[in-house]
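I opened my notebook today to look up a pocket and a couple of residues. Here is what I wrote down as I went.

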Amino acid sequence: MIQRAAFFRRLIESSFLQSKVGARYYSTAQAATFVQTTVQSDDESNIDIDWENLGFNLMPTDYMYLTKSCEDGRFKQGQVNPYGNIQLSPSAGVLNYGQGIFEGTKAYRRNDGGLFLFRPHENAMRMQIGAERMCMPCPSIDQFVDAVKQTALANKRFIPPPGKGSLYIRPLLIGSGPILGLAPAPEYTFLVYASPVGNYFKEGTAPLNLYVEEDFHRASRGGAGGVKSITNYAPVIRAMKSAKARGFSDVLYLDSINKRYIEEVSSCNIFLVKGKILSTPAASGTILEGVTRKSIMDIAHDLGYQVEERLIEVEELNNADEVFCTGTAVGIAPVGSITYKGKRYQNFIY
């Protein structure tokens, strides 16, 4: 049993999302940006937030970053503004044709009084890939990272104490210009806002109970499932609500062609462990290549595990030693059971 449970436990014991391991993994090849700053101030000491019971709900912060594109597709120098509503034309491309993509990253408070960001360069590169797929101009990597930095620093009083949560940062790129016919919008808005958050799932750190969805699919080959398009998320709400009404944590989707290979959960990637092999579904255009997913695979290599990206039949879950989900919002969440065709797989040990 000790051998079976080794991988997930070693991840947790290594404090994967804490600054000690972050300094090792997040700094590799500009994978992380450390923002060294004094984070204590009178405003911070007076903030009234119950850090012990922080869930994953929107809590408006003080500021957000905003900029718009120029005629040549480049983005103007943005600035931090007070958090608030934005004005859009009824014919904005994002409202009529869903031309929008977003990212999610986090800022953490360090024990030494500074802040660190979780691999913002990776998010910047993924947004560029998504923007190309959606025929949108995109801020440069430096612009993106600078915007995330500014947003984190402007809202630093909302960053929870170490171990109490994080500041979830949402970069959003939308077609804000008016358009009637189906075509790229004439103008784009890039904005970044933030909210302090705790655990994503109501279960907290308890193992998740997943339901394998057979009737609805998250994405299909040739679509936009591999990019973080806003159009990917509303269609999964119906299946997710139905599963949660029956007591499940979330939905695990299958491929749309064979309906036998697992792909991902509504809001996160999935992994399974068998012995010294870590497996995750291959990213072939229908699965989002998560930043946390990539981090887990890097760490697994360092821990001596064989890492496989491949087709995984849903029945393989019944023989797995461990199953867990990963994502920026989710972090690392163990899976306690998976229900498929009325059968409950629950022999996972942590």
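Entry 1, the pocket. I note at the outset that I am working from a predicted model. I started with strand 8, which gives three residues to the lining of the second largest pocket, the largest share. The space in this pocket comes to about 610 Å³. Its lining has 32 residues, and the closest to the pocket centre are Phe 102, Tyr 168, Arg 170, Tyr 200 and Ala 329. I then looked up which elements give two or more residues to the lining: strand 7 (166-175), strand 8 (188-197), helix 7 (237-245), helix 8 (291-302) and strand 15 (322-327). Sorted by class, I have 15 nonpolar, 11 polar and six charged residues in that lining.

I found Leu 54 in the loop between helix 3 (42-45) and strand 2 (63-68). Is Leu 54 buried or exposed? Its relative accessible area is 12%, so I put it down as buried, the cut-off being under 20%. Leaving out residues up to four places away in sequence, I listed what Leu 54 touches: Ile 49, Met 59, Pro 160, Lys 164, Pro 196, Val 197, Gly 198 and Asn 199. I also checked Ser 166, which is 112 residues from Leu 54 along the chain; their C-alpha atoms are separated by 9.6 Å.

I placed Thr 151 in helix 6 (residues 141-154). With a relative accessible area of 1%, Thr 151 is buried too. Setting aside neighbours within four places in sequence, I have Thr 151 in contact with Tyr 63, Tyr 65, Val 192, Tyr 193 and Ala 194.

Definitions and conventions:
Residues numbered from 1 in each chain as written. Predicted model: local features only at pLDDT ≥ 70, side-chain atom pairs only at ≥ 80, totals over all residues. Heavy atoms only, no water. Helix = DSSP H or I, 4+ residues; strand = E, 2+ residues; numbered from the N terminus. Buried < 20%, exposed > 50% of the residue type's maximum accessible area, 1.4 Å probe, protein only. Contact = heavy atoms within 4.5 Å. 1 Å grid on protein atoms, 1.4 Å probe; cavity = no way out; pocket = protein on both sides within 12 Å on 5 of 7 lines; lining within 4 Å. Points joined across faces, edges and corners; volume = space filled by probe spheres on them. Nonpolar A, V, L, I, M, F, W, Y, C, P; charged D, E, K, R; others polar.
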